[in-house]
Amino acid sequence: MTTDATATEATDPEADRIRQAAERIAAGGPSAPVLGRDPVNQAMVNTWAEAMGDANPVYTDASAAESSVHGELVAPPAMAQVWTMRGLHGTRAEDDPLGAMMLALDEEGFTSVVATNSSQTYHRYLRPGEHVAASNRLESVVGPKQTALGEGWFVTTRTTWTVGEEVVAEMTFRVLKFRPVSSRPTVAREGARIIDAPEYADGVLRPVISRDTAFFWEGTQVGELRIQRWGDTLRHPPGPVDPSGDLDAKPDYIVARGTGTVYSYVVHHHPKVPGKRLPFVVALVELDEGVRVLGELIDAEPDDVYIGLPVRAVFLRIDEELTLPAWEVLR
């Protein structure tokens, strides 16, 4: 396991604590192999091949597979990770090194994460009926590094997939665990309605903030609904490239008035969401400026919501790092 001290002084207590945690976690070695929930199965292969548009018949056509070099049906190699995914309600194993390293960085204030890259190696094809296990180990923790998202640490792990004692595939996976740059002014925009909503914190799905979307989330913190602009074209969600194809173009943004009408909506009945009373409404609102933005409609009963309902933006402050856009009925 490697660490990097080039970006900071070796006497930095915070960096020293992170490196010591990394060395301790790496010294624990790989996690115990954990079997996937299900063996390799044809139903999942069929679904994956259809979703990915992979028409190779050796994955789905028994006759074609039998006449191929494989002699029988095989699973797409790129499905290696699929067989050991934990599922919607799965949890990391207690000895999982990535989870332990994420916790150590959380405790030092590096609370945000974005995946940066992964690389997979396949040793052989898998066949229906084989049961795959996965084990992880910590390879490197490098930092602190200054990035566009804030100061952070690059954490790399290696996953090894096995059938019995045989290694069938491997993957290196790198994430950036960073401390977001705080740019919130001390005073919110005049007229903005910002509601403290810490009760949502346990259940909220936190967005992945990138250099292309940071301006939007910085805006919500001060009660601004910022919409990306490429020349005369408004775009939401934000994107990295000019919709017209001009690769030299650079975006800016406008601050929307925050008023519009419900273009579409859903009523959430299940599953339960921590901190929220069911049912609740999530609305896609067409702003006066012409773009559509998604958010919860916080002050209306589901039976009172309809297409075309006038609404305006409000902002739910979850914590110091996250403020979500939402809607209330314009009365």
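This is a predicted model: local features need pLDDT of at least 70, side-chain atom pairs count only at pLDDT 80 or more; totals for chains, interfaces and linings use all residues.

Me: Where is Pro 97 placed, and with which residues is it in contact?

Reply: Helices (H or I, at least four residues) and strands (E, at least two) are DSSP runs numbered from the N terminus, and Pro 97 has its place in helix 4. Contact means heavy atoms within 4.5 Å; leaving aside neighbours within four places in sequence, Pro 97 is in contact with Ile 25, Ser 31, Asn 136, Arg 137 and Leu 138. Although Pro 97 and Ile 25 are 72 residues apart along the chain, their C-alpha atoms are separated by 6.1 Å.

Me: Which residues of helix 4 are buried?

Reply: In helix 4, which comprises residues 97-107, the buried residues are Pro 97, Leu 98, Met 101, Met 102, Ala 104 and Leu 105. They lie on the same side of helix 4 because they cover an arc of only 160° around the axis, the arc being that of the directions from the helix axis to the C-beta atoms.

Me: What is found at the start of helix 4, and what follows this helix?

Reply: A polar contact is a pair of N or O atoms within 3.5 Å; within protein, one must be able to donate a hydrogen and the other to accept it, and residues adjacent in sequence count only if both atoms are side-chain atoms. At the start of helix 4, a side-chain oxygen of Asp 96 comes to within 3.4 Å of the backbone nitrogen of Leu 98. After helix 4 comes Gly 109, with a positive phi near 95°.

Me: Is Glu 130 buried or exposed, and where is it found?

Reply: Glu 130 is found in the loop between strand 3 (112-122) and strand 4 (133-147), and it counts as buried because its relative accessibility is 19%. A polar atom of the Glu 130 side chain lies 2.9 Å from the backbone nitrogen of Arg 127. Beyond its neighbours within four places in sequence, Glu 130 is in contact with Pro 39, Val 40, Arg 124, Tyr 125 and Val 163.

Me: What is the order of the strands in the open sheet of three strands?

Reply: Two strands pair if DSSP finds at least two bridges between them. The order in this open sheet is 9-8-10, with antiparallel pairing; its edge strands, strand 9 (233-235) and strand 10 (252-255), each pair on one side only. Strand 8 (residues 226-230) pairs with strand 9 over three bridges, and Arg 229 stands opposite Leu 234 in strand 9.

Me: Which peptide bonds are cis?

Reply: The bond from Gly 143 to Pro 144 is cis, with omega near -5°, and Pro 144 has its place in strand 4. The bond from His 236 to Pro 237 is also cis, with omega near 0°, and Pro 237 is found in the loop between strand 9 and strand 10.

Technical notes
Residues are numbered from 1 along each chain as its sequence is written. Side-chain values use heavy atoms; hydrogens and water are left out. Buried means under 20% relative accessible area, exposed over 50%, partly exposed in between (1.4 Å probe, protein chains only).
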